[in-house]
Amino acid sequence: MLVFASARSEFFRKWDEIVSQPGSTTHVGSIRQLEELLKINPARLVVLDMTLEGGKDPDILRGIAEIKKNGRLILSGIQFTPSAELSGLAVGAVACCSNSLSIEECRKILDVVQHGGVWLSSAGIPALVNKLRDFSARTADATAPRETANGDSTVDVEAILSGLTRREREVARLVGIGASNKDIARQLDISDRTVKAHLTAIFDKLQVQDRLQLALRISGRPSA
């Protein structure tokens, strides 16, 4: 079951078009209705309009994430900053779809989520990596770091990327700082199609599912 929670008809129209599966969705008009529904009917996916009353309350969102069990939560209905995206992940969401995204872009995000992935925008990825690095630095200050055999406790990015070609390493590093496919194509003077081909090869060689996992792998943080 797919559940859309909103008090706005235009929100329902957009997400019904994104899913394009007539009869496969359930609409609720309040947080309370959503919570009651989830208690009796496990949902495969919940898309929550954050303009709903209580839709921006972290405690309420955490509660929804706990109730939905094995379902997945997408936050939508507003324009998300990188910080807001990270806050969404922190309360249990797996993606944030800003109002400015097209139907096709939302469909791509939905596909990632329905295949078990987590989606962040190109601006959200470096924000997450920086936050994780800050956390690692604070942890290192508070506790003695574990050293590798050669005494180096930092992430050896070159070793991680050693199995890639030179061009693939360039693409991977750009993904790690949040560059979009168009940004990468422009900086490396290659086509969007070539960028996608390189990413497919990189994901396969490094055994990661998406750009977020690649960025986390490079940063030395767990991807799951």
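How many helices and strands does the chain have?

## Overview

The chain has eleven helices and five strands. The model described here is predicted. There are 224 residues in the chain, and 41% of them count as buried.

Among contacts with a separation of 6 or more in the chain, 59% are between residues 24 or more positions apart. The chain exposes about 12,200 Å², and carbon and sulfur atoms supply 50% of this area.

## The sheet

Strands of a sheet pair through backbone hydrogen bonds, and the pairing can be parallel or antiparallel. In this model, five strands form an open sheet in the order E2-E1-E3-E4-E5, with parallel pairing. Strand E2 (25-28) and strand E5 (95-97) are at the edges and have a single partner strand each, so one side of each has no neighbour in the sheet. From one strand to the next, the twist averages 20 degrees.

Strand E4 (residues 72-76) runs parallel to E5, and three bridges join the two. Within this pair, Ser 76 is opposite Cys 97 in E5.

## Helices on the sheet

Helix H1 (residues 9-19) packs on the sheet and touches strand E1 (2-5), E2, strand E3 (45-49), E4 and E5. The direction of H1 makes about 155 degrees with that of E1.

Helix H5 (residues 103-114) also packs on the sheet, where it touches E1, E3, E4 and E5. The direction of H5 makes about 165 degrees with that of E5.

## Strand E3

Is strand E3 mostly covered or mostly uncovered? E3 is mostly covered, since five of its five residues are buried. Leu 45, Val 47 and Asp 49 point one way from the strand, while Val 46 and Leu 48 point the other way. Residues on both sides of E3 are buried, Asp 49 included.

E3 pairs with E1 in the parallel sense over four bridges. Five bridges join E3 to E4, and these two strands also run parallel. Val 47 takes part in both pairings: Val 47 is the bridge partner of Phe 4, and in E4 the bridge partner of Val 47 is Ile 74.

## Helices H2 and H3

Two packed helices are described by the angle between their axes and the distance between the axes. For helix H2 (residues 31-40) and helix H3 (residues 58-67), the packing angle is about 20 degrees and the axes are 9 Å apart. Angles under 35 degrees count as roughly parallel, and H2 and H3 are therefore roughly parallel to each other. The crossing in which H2 passes H3 is left-handed.

Which residues of H2 and H3 meet? On the H2 side they are Ile 31, Leu 34, Glu 35, Leu 38 and Lys 39, and on the H3 side Ile 60, Ile 64 and Ile 67. An α-helix has 3.6 residues a turn, so residues three or four places apart point the same way.

Gly 178 follows H8, and its phi is positive, near 90 degrees.

Arg 193 lies in helix H10 (residues 192-206). Is Arg 193 buried or exposed? Residues over 50% relative accessible area count as exposed, and Arg 193 has 73% relative accessibility, so Arg 193 counts as exposed. Arg 193 and Lys 182 are eleven residues apart in sequence, and the distance between them in space is 9.9 Å, C-alpha to C-alpha.

Notes
Residues are numbered from 1 along each chain as its sequence is written. This is a predicted model: local features need pLDDT of at least 70, side-chain atom pairs count only at pLDDT 80 or more; totals for chains, interfaces and linings use all residues. Side-chain values use heavy atoms; hydrogens and water are left out. Buried means under 20% relative accessible area, exposed over 50%, partly exposed in between (1.4 Å probe, protein chains only). Contact means heavy atoms within 4.5 Å. Accessible areas come from the Shrake-Rupley method with a 1.4 Å probe; for residues, only the protein chains shown count as cover. Two strands pair if DSSP finds at least two bridges between them. Axes are lines fitted to C-alpha atoms, for helices over the stretch in contact, and angles run from 0 to 180 degrees between N-to-C directions. Angles under 35 degrees count as roughly parallel, over 145 as roughly antiparallel, 65 to 115 as roughly perpendicular and the rest as oblique. A crossing is left-handed if the near helix is turned anticlockwise from the far one by less than a right angle, and right-handed if clockwise.
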